[in-house]
Amino acid sequence: MDKKRVALTKQQFDSAVHNHEEAKVEYWFARELMPLLGYERWENFDKAISRAMESCGTSGIEVINHFREVTKMVSLGSGSKRSVKDYMLTRYACYLIAQNGDPKKEEIAFAQSYFALQTRKQELIEERISLIERTEARGRLRESEKKLSQNIYERGVDDAGFGRIRSKGDRALFGGYSTQEMKNRLGVKDSRPLADFLPTLSIAAKNLAAEMTNYNVEEKDLYGERDITNEHVQNNSSVREMLRKRGIQPENLPPAEDIKKLERRVKSQEKKIAAQSGKLPASVEEGDEDDDE
């Protein structure tokens with residue numbers, strides 16, 4: 001998500017916040033939050049809220065402190081009004097709802113960072129979004145390599161063979177540098193995976209090549225280390241050529257922060273959200289809305 005998009009989305013989320021002066025707590029109404037998270041139907045969003053409430057309870061946190069069902073009056077086209085269900089939601093409740101959403105949606109990816117941080121400074125939100133994108137990219141690479149390992153094992157390649165295939169793929173992607181040589185360039189310990197210190201772009205490049213190999217191993221019914229190695233090397237070379245045409249040499253990109261440290265930082269932030277969000281007041285004045293169902 002680029003800076004302009006972050007700024008616009010942040011402005012929309014900021015405009016939806018309410019403050020209860022007496023309880024000193026920020027809160028959001030579910031019906032106002034719903035479109036910001038990319039939901040069109042209340043029924044679907046209500047289910048997402050229910051899942052978040054279950055997650056809250058499972059964590060041993062009082063649900064009523066963060067989710068409060070309220071009734072609102074909405075105006076109908078005829079000029080009359082009717083009552084509809086809504087929720088008051090603390091920052092922690094909103095975070096849990098975002099966690100239960102589809103992270104591929106930009107709105108959800110933004111919300112996960114927006115509600116995880118007590119501050120609403122744009123640069124910190126951008127930093128956390130970038131952090132999440134990298135950890136998700138690393139997770140996708142981990143899964144694609146696991147699938148490749150299982151796939152080629154059934155085709156006559158053992159664990160040692162998989163290591164050789166992966167290293168030769170790295171050599172093709174990183175301009176002749178093997179996995180070990182890239183570790184040396186980036187200062188990565190022998191015991192740690194190279195991908196844990198690669199920037200998001202390099203992780204995504206490795207993942208694309210691995211997914212291509214997975215596909216073609218099955219599509220071409222390849223068998224044995226030699227044929228699968230050739231396929232994987234060709235795919236990494238193709239990805240490298242694509243990057244080269246855009247002026248990018250992956251072997252020259254600077255190392256990124258240890259992804260394990262980033263993951264611990266994210267978990268540490270998450271543990272603080274509930275405590276920092278405060279508790280909802282016992283009651284709140286009910287407002288009017290236009291009918292949006």
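User: What counts as a salt bridge here?

Analyst: Opposite charges are the starting point, because side chains of opposite charge can pair when their charged atoms come close. The cut-off is a side-chain nitrogen of Lys or Arg within 4 Å of a carboxyl oxygen of Asp or Glu. This is a predicted model, where local features need pLDDT of at least 70 and side-chain atom pairs count only at pLDDT 80 or more, while totals for chains, interfaces and linings use all residues. Residues are numbered from 1 along each chain as its sequence is written, and side-chain values use heavy atoms, leaving out hydrogens and water. By this rule, the number of salt bridges is 18.

User: Which residue forms a salt bridge with R192?

Analyst: R192 belongs to a network of salt bridges that also links R138, D196 and D258. In one of these pairs, the closest N and O atoms are 3.1 Å apart. The partner of R192 in that pair is D196.

User: How far apart in sequence are the parts that K206 and D170 tie together?

Analyst: The closest N and O atoms of this salt bridge are 2.6 Å apart. K206 lies in helix α9 (residues 200-219) and D170 in helix α7 (residues 159-173); helices are DSSP runs of H or I with at least four residues, numbered from the N terminus. So the pair ties together parts separated in sequence by 36 residues.

User: Is D170 buried or exposed?

Analyst: Buried means under 20% relative accessible area, exposed over 50%, and partly exposed in between, using a 1.4 Å probe and protein chains only. The relative accessible area of D170 is 3%, so D170 is buried.

Methods. Helix = DSSP H or I, 4+ residues; strand = E, 2+ residues; numbered from the N terminus.
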